[in-house]
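Open the model in your viewer and keep the sequence panel beside it.

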Amino acid sequence: MKSLNIILWVVVVQLVGCLSPPSVSVSTSLRRHDLKGKTLAVGGFTAQNIMDYPGQTAEETIVRDAGTALQKRLKHSRVLTAEAAWAAAGPPPLKISGGLPITIGHKISHDFLRRTRALGVDYLLWIDLLENTVRDSSSQRVSTSRTASSYSTRNGKRHSIPGSTSNTYYSYEAAGRRLGASYSLLDTASGKTVWRADIKFTRGRMNSSMSRSGFPEPPARPLPPEDSTLMQKMTEAAMAGLPK
C-alpha cells in the first residue's frame, strides 16, 4: 500500500503542474462603460501561419463559444453571434493559403465592416489563432527509499540490523499543446482596433508506468488536449479583460 501512495503522489504532482491558467495581455483605448448599450458581433476566425489547423468543426465551436462568452460578459450590451451576423450581413471573405505553415479561415474586409455597420453593429470581435503546436516527450525516473540501520537486544546482547535500500522505476509519456491567439475588437465605423487581448496557453497530459525491477515499458502516449477545449478557456480569459 505504501508504494501505491507514492505512485499516486507522483501522478497528482504532474497533473497539477499542467493546470496553470492562460497568460493574458490586454491593450485598449476603451474606458469603463464604453460598451454599455452598444451592439457587438462576433465577426470570425482566422488561423494565421500555423502548422496545425484545428479543423472546421473546431473552428465553428471556437466562434460559437466566443459569442457565448461575449454575451455573458456584456450583459448590458446587445451581442450578435457570428451565425446571426453572417445570416444578416453575409459572411466575410475567405482567407486561405496552401503549404506549411498554413493560413485558413476568413478575413476582415472594409465591405464586411460596412455591411455589419449597416446592421447597427458598433464593434466586431475577431479571433486570430497564431500558434498551435503539439509536442511529445518521454522520460524516466528512479525513486529510492531507504530504511535506517537499527539494533535489537536478545539474551542481553545487542544485535545490529542493517538498513536497506529499494528502488522504484518510473517511465513517462507526455503530450502537450501550446496555443497562442489574439482577440481584437474593431470599431465598425473607423475599422480601428479599440481593444485587443493576446493569450497564450499550454496544457499537457501524462501517462506513467512503474516497476521495482528496472525501467518498465513506456506507457501508451496520451493524446494532446483538444485545441477547441483549450480555446474555450482562452476565450473566457480574454473576455474577462473587456471593460463592462
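A residue is called buried when its relative accessible area is under 20%, exposed when it is over 50%, and partly exposed in between, with a 1.4 Å probe and protein chains only. By that rule, buried residues make up 41% of the 244 residues in the chain. This is a predicted model, in which local features need pLDDT of at least 70, side-chain atom pairs count only at pLDDT 80 or more, and totals for chains, interfaces and linings use all residues. Residues are numbered from 1 along each chain as its sequence is written, and side-chain values use heavy atoms, with hydrogens and water left out.

**Whole chain**

Switch to cartoon. The chain has five helices and ten strands; these are DSSP runs numbered from the N terminus, helices being H or I with at least four residues and strands E with at least two. Contact means heavy atoms within 4.5 Å. Of the contacts in the chain with a separation of 6 or more, 77% join residues 24 or more positions apart.

**Largest pocket**

Rolling a probe the size of a water molecule over the atoms shows where empty space is left. Here a pocket is an open set of points on a 1 Å grid over the protein atoms alone, where a 1.4 Å probe fits, with protein on both sides within 12 Å along at least five of seven lines; lining residues have an atom within 4 Å of a point. Volume is the space filled by probe spheres set on the points, which are joined across faces, edges and corners.

The largest pocket holds about 390 Å³ of space. Select Glu59, Glu60, Val63, Ala82 and Trp86, the closest to its centre of the 16 lining residues. Helix H2 (56–73), helix H3 (82–89), strand E4 (94–97) and strand E5 (102–106) each give two or more residues to this lining, and H2 has the largest share, with six. The lining divides into seven nonpolar, five polar and four charged residues. Asp, Glu, Lys and Arg count as charged, Ala, Val, Leu, Ile, Met, Phe, Trp, Tyr, Cys and Pro as nonpolar, and the others, Gly among them, as polar.

**Second largest pocket**

Next select Asp65, Thr68, Ala69, Lys72, Arg73, Gln232, Thr235, Glu236, Met239 and Ala240, which line the second largest pocket. Its space is about 210 Å³. H2 and helix H5 (227–239) each supply at least two lining residues; the largest share, five, comes from H2.

**Single residues**

Is Thr116 buried or exposed? Select Thr116 in helix H4 (residues 110–118); it is buried, with a relative accessible area of 0%. Beyond its neighbours within four places in sequence, Thr116 is in contact with Ala89, Val121, Leu124 and Thr188.

Most residues other than glycine have a negative phi. Go to His33, in the loop between strand E1 (23–28) and strand E2 (39–50), where phi is positive, near 75°. His33 is partly exposed, at 46% relative accessibility. Finish at Asn49 in strand E2: phi of Asn49 is also positive, near 50°, and Asn49 is exposed, at 53% relative accessibility.
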